[in-house]
Amino acid sequence: MEQAFKKILDEYEAITRDLSSGSFGNVSAKGGSAFGGDIAKLGRRQAELEGIVSRIRNYELSLKHLEDNEKLLKDADPEIRAMAEAEIPNLKSKILNVKSEIENALLPKDANDDKDCIVEIRAGAGGDEATLFAAEMFRAYGKFAEENGLKPHIVSSSKSEAGGFKEVIFEIHLSTGSRPNGGPYSIFKYESGVHRVQRVPETEKSGRVHTSTITVAVLPILDEKDFSIDPKDLKMEATTSSGHGGQSVNTTYSAIRIVHIPTGITAQCQDERSQAQNREKALQVIRARVAAHYQDIENKKVRDLTKSQIGTGDRSEKIRTYNFPQDRVTDHRINQNFNQINLIMEGKLSPIISALQKADVEAKKEALKK
């Protein structure tokens, strides 16, 4: 990590020299540097580094002060020794805090963390019990979102005969005036994967514990500038909205279904009042799904090269078990248990999310040391 600090200082000093001389190191003028001689990019990079450089210099100065005070412990004057002894604990604490700040600032940033997100919940194995758990998780996520200054909004849903959800897709946006740390995606991205529930269904007379699963996919909502799709690759059709059992809930062609022809990925929205609104929502979903499809292909190419998969795990991976008889939720990625399952199902997910965020940061720090 000390070597990483030195690299940052060297880069900052090189950029400062280039900007001051106007030569861009000659190499940049020939297009050989990472910035290709672009003065605007050099300036932006310098601005990005300024905060980190200031902390590194503060860190180095504190290390020097600590070294000086440790030497003063051998001074002949007892008052000077006492002053140095009193100052050393404060300096050590400051050094640890500043070092932690620098390490966190150097961690790789997820470009999508500030974005809103789409959450897709689908019932897996377990029949009606899986659909009921899908509905309960949708409710838990909704409560958690609202308690954290976020606003959920259903895009599409398909209910089961038992009253649960075969599938429910919803967006999560920042509420007006809310300013949490990061956007909805930075919080909900840790929920992607297979969630397993173990409990006795209400219809089970023998008291036997059943195991069911649901899958959760969390996708960032992307603007067209973030990820564009050629309109020629999209097939769009309008249909009448369908309700429970397939019956038509209106007689106008307001529901929209979109197919991305190259991949076969589809998206549908029927919950908005107008065709234009449904079209906009369906386009958001198809853009997010197609982008995730291509990102998954890239992730699989490099998955064996990194162990930091907490925030962007495979959606087919079993990430969490909800064991109701034992009042325990286990997140398998961090091998940690959480009790009071009834509160968790009421949206009290913060302890789990916080533990995952902390583990993600620690994994990224370890990766930087290698």
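**Entry 1. Helices α2 and α3**

I began with the convention that an angle over 145 degrees between two axes, taken along their N-to-C directions, counts as roughly antiparallel. I then looked up the axes of helix α2 (residues 39–72) and helix α3 (residues 78–106) in this predicted model. These axes cross at roughly 155 degrees, and α2 and α3 are therefore roughly antiparallel to each other. I noted that the two axes come within 8 Å and that the crossing of α2 and α3 is left-handed.

**Entry 2. The whole chain**

I recorded the overall composition next. The protein chain has eight helices and eleven strands. Of its 370 residues, 38% are buried. I also looked up how far apart in sequence the contacting residues lie. Taking contacts between residues at least 6 apart in sequence, 62% join residues at least 24 apart.

**Entry 3. Confidence**

I checked the pLDDT before going further. The average for the protein chain is 83, and 84% of the residues score at least 70. Over residues 25–33 the pLDDT falls below 50. That stretch has eleven contacts in the model beyond near neighbours in sequence. Residues 305–309 also have a pLDDT below 50, with five contacts beyond near neighbours in sequence.

**Entry 4. Helices α1 and α3**

I looked up how α1 packs on α3. Their axes are 11 Å apart, at an angle of about 70 degrees. The range for roughly perpendicular is 65 to 115 degrees, and α1 is therefore roughly perpendicular to α3. The crossing of α1 and α3 is left-handed. On the α1 side I listed E2, A4, F5 and I8 as making the contact. On the α3 side the contact is made by K99, I102, E103 and L106.

**Entry 5. D18**

D18 lies in helix α1 (residues 2–21). I also looked up its separation from L42, which is 24 residues away along the chain. The C-alpha atoms of D18 and L42 are 8.6 Å apart.

**Entry 6. T330**

I located T330 in strand β10 (residues 328–331). Its relative accessibility is 11%, so T330 counts as buried. Which residues does T330 touch, leaving out those up to four places away in sequence? I found I319, R320, T321, Q336 and N337. With N337 there is also a polar contact of 2.6 Å, which joins the side chains of T330 and N337.

I then looked up two backbone angles. Most residues other than glycine have a negative phi. N335 is not a glycine, yet its phi is positive, at about 50 degrees. I placed N335 in the loop between β10 and β11 (336–338). Its relative accessible area of 66% makes N335 exposed, as the cut-off for exposed is over 50%.

Q340 is likewise a residue other than glycine with a positive phi, near 60 degrees. I found Q340 in the loop between β11 and α7 (341–344). At 51% relative accessibility, Q340 counts as exposed.

Terms used:
Residues are numbered from 1 along each chain as its sequence is written. This is a predicted model: local features need pLDDT of at least 70, side-chain atom pairs count only at pLDDT 80 or more; totals for chains, interfaces and linings use all residues. Side-chain values use heavy atoms; hydrogens and water are left out. pLDDT is the predictor's confidence in each residue, from 0 to 100. Contact means heavy atoms within 4.5 Å. Helices (H or I, at least four residues) and strands (E, at least two) are DSSP runs, numbered from the N terminus. Buried means under 20% relative accessible area, exposed over 50%, partly exposed in between (1.4 Å probe, protein chains only). A polar contact is a pair of N or O atoms within 3.5 Å; within protein, one must be able to donate a hydrogen and the other to accept it, and residues adjacent in sequence count only if both atoms are side-chain atoms. Axes are lines fitted to C-alpha atoms, for helices over the stretch in contact, and angles run from 0 to 180 degrees between N-to-C directions. Angles under 35 degrees count as roughly parallel, over 145 as roughly antiparallel, 65 to 115 as roughly perpendicular and the rest as oblique. A crossing is left-handed if the near helix is turned anticlockwise from the far one by less than a right angle, and right-handed if clockwise.
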